[in-house]
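Please have the sequence and the structure at hand while reading.

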Amino acid sequence: MNAESPASGNTWRDLPAAQQPEWPNPEALRDVIADLESYPPLVFAGECDLLRNRMGAVARGEAFLLQGGDCAEAFDAVSADHIRNKLKTLLQMGAVLTYAASVPVVKVGRIAGQYSKPRSKPTETRDGVTLPTYRGDSVNGFEFTPEARTPDPERLKRMYHASAATLNLVRAFSTGGYADLRQVHAWNQDFVKSSPSGQRYEALAREIDNAMNFMKACGTDPEEFKTVEFYSSHEALILDYESALTRVDSRTGKLYDVSGHMVWIGERTRQLDGAHIEFASRIRNPIGVKLGPTSSVEDALTLIERLDPEREPGRLTFITRMGADKIRDRLPELVEKVTASGAHVAWVCDPMHGNTFEAASGHKTRRFDDVLDEVKGFFEVHKGLGTHPGGIHVELTGDDVTECVGGGDEIFVDDLHQRYETACDPRLNRSQSLDLAFLVAEMYRQQ
């Protein structure tokens with residue numbers, strides 16, 4: 001067995017790397033990287049392998065992926081309430097989908113590492129003042145001042161510590177009784193009772209209730225009800241951070257990025273000859289790649305060659321983000337040609353990123369109906385081709401924010417200012433997220 005050396009994970013350094021911060025002090029950056037390299041792993045290689053197996057089931061059509069969380073996490077939101085509400089929302093969505101789809105739902109958070117954001121421009125100008133753009137709390141601050149906007153590598157260490165604190169709490173919640181299925185089902189019943197949109201899901205909630213009562217009457221109390229498998233993921237954007245947390249696994253001699261179980265490469269950084277794809281090709285984690293409306297079949301096939309040469313189910317996930325108006329046109333050829341090539345990728349729908357627009361108030365927002373329509377289009381395409389709609393990837397929060405318009409508890413454009421709290425893109429709130437889960441459950445049943 002040939003063991004890799006940590007240095008073989010650094011081959012990306014010779015290639016152009018998009019979307020990297022311009023750190024003002026290279027020496028300070030080197031010190032931070034040396035510190036990060038000495039820190040303990042945030043996740044274990046064996047957990048990454050387990051998620052790769054679970055994603056293999058998604059790729060084979062035997063499971064469904066639910067991936068969700070903040071657009072960009074913020075250091076000041078690492079509180080027990082924020083984390084619990086996010087987890088609670090994902091668990092509620094997962095329970096509904098598991099029952100309706102009758103397949104296991106793989107639960108992955110955009111959590112414990114989602115502190116960096118790609119941006120369309122390197123600078124921002126306000127009232128004649130030009131400063132570096134906000135790239136997420138891992139790089140600089142949100143306030144529009146020269147001090148806040150100067151990239152500071154010390155923030156990479158803060159990202160590590162915030163991620164560690166978040167994961168610690170998520171692990172406690174997911175195994176300590178909080179995630180018990182009966183508890184999760186009770187929350188869903190509350191939602192159905194108290195939300196105007198919840199009422200249309202009453203029949204499904206009643207079915208789940210009957211199933212739970214039946215098992216109880218039979219005297220079954222499976223261990224699986226009491227805990228939940230929950231994984232972390234984020235966009236592998238800041239390569240200095242990701243490679244400082246890349247380690248050689250003592251069992252296999254292979255490289256793993258131990259900053260999260262799964263990492264993905266974004267639409268803006270998936271250049272085939274670029275540093276991000278090179279970095280991802282070296283690690284054994286499950287990898288996602290975002291594919292936008294301009295993605296060609298050739299792009300997809302080359303990405304498979306580079307990232308999944310062994311054609312291993314669970315290794316590679318294509319997360320499509322086309323926009324509701326383009327998904328039915330752009331997706332079929334990609335799915336058809338990739339399937340014909342013999343690759344076993346998981347297909348997942350991100351219905352958020354292609355549907356953003358600016359409201360008259362200046363708020364960036366999304367229409368719930370567009371989000372829903374993109375998911376519908378995704379299911380239609382897969383049904384037409386006889387392939388498996390593998391999952392959804394959504395930006396959501398467990399809080400009652402007002403960032404996306406529409407949904408059962410309808411939010412109007414005039415309401416956006418009430419609780420618009422995102423650090424970057426607009427997220428579905430708890431009620432809209434559960435709406436989406438029930439509607440996706442209905443679609444899955446019709447497959």
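This is a predicted model: local features need pLDDT of at least 70, side-chain atom pairs count only at pLDDT 80 or more; totals for chains, interfaces and linings use all residues.

Helices here are DSSP runs of H or I with at least four residues, numbered from the N terminus.

**Helix α3**
- Helix α3 covers residues 80–101, and its 22 residues should span 32 Å at 1.5 Å a residue.
- The end C-alpha atoms of α3 are 31 Å apart, which agrees with that expectation.

**Aromatic pairs**
- Across the whole structure, a search finds 11 aromatic pairs.
- In one of them, Tyr39 and Tyr160 have ring centres 4.7 Å apart and planes at 50 degrees; because planes count as stacked under 30 degrees and as edge-to-face over 60, this pair is tilted.
- Tyr39 belongs to the loop between α1 (26–38) and α2 (45–59), whereas Tyr160 belongs to helix α5 (residues 154–175), so their pairing ties together parts that are 121 residues apart in sequence.
- Tyr39 and Tyr160 are both buried.
- Tyr134 and Phe142 form an edge-to-face pair, because their planes stand at 80 degrees, with ring centres 5.1 Å apart.
- Tyr134 counts as buried at 3% relative accessibility, while Phe142 is partly exposed with a relative accessible area of 48%.

**Ring cluster and charge over a ring**
- Phe64, Phe378, Phe379 and Tyr444 are linked into a cluster by ring pairs.
- Arg367 places its charged end over the ring of Phe357, 4.0 Å from the ring centre.

Note on methods
Residues are numbered from 1 along each chain as its sequence is written. Side-chain values use heavy atoms; hydrogens and water are left out. Rings of Phe, Tyr and Trp (its six-membered ring) pair if their centres lie within 6.5 Å; planes under 30 degrees apart count as stacked, over 60 as edge-to-face and the rest as tilted. Helices (H or I, at least four residues) and strands (E, at least two) are DSSP runs, numbered from the N terminus. Buried means under 20% relative accessible area, exposed over 50%, partly exposed in between (1.4 Å probe, protein chains only). A charge sits over a ring if NZ of Lys or CZ of Arg is within 6 Å of the ring centre and within 35 degrees of the ring normal. The expected span of a helix is 1.5 Å times one less than its number of residues.
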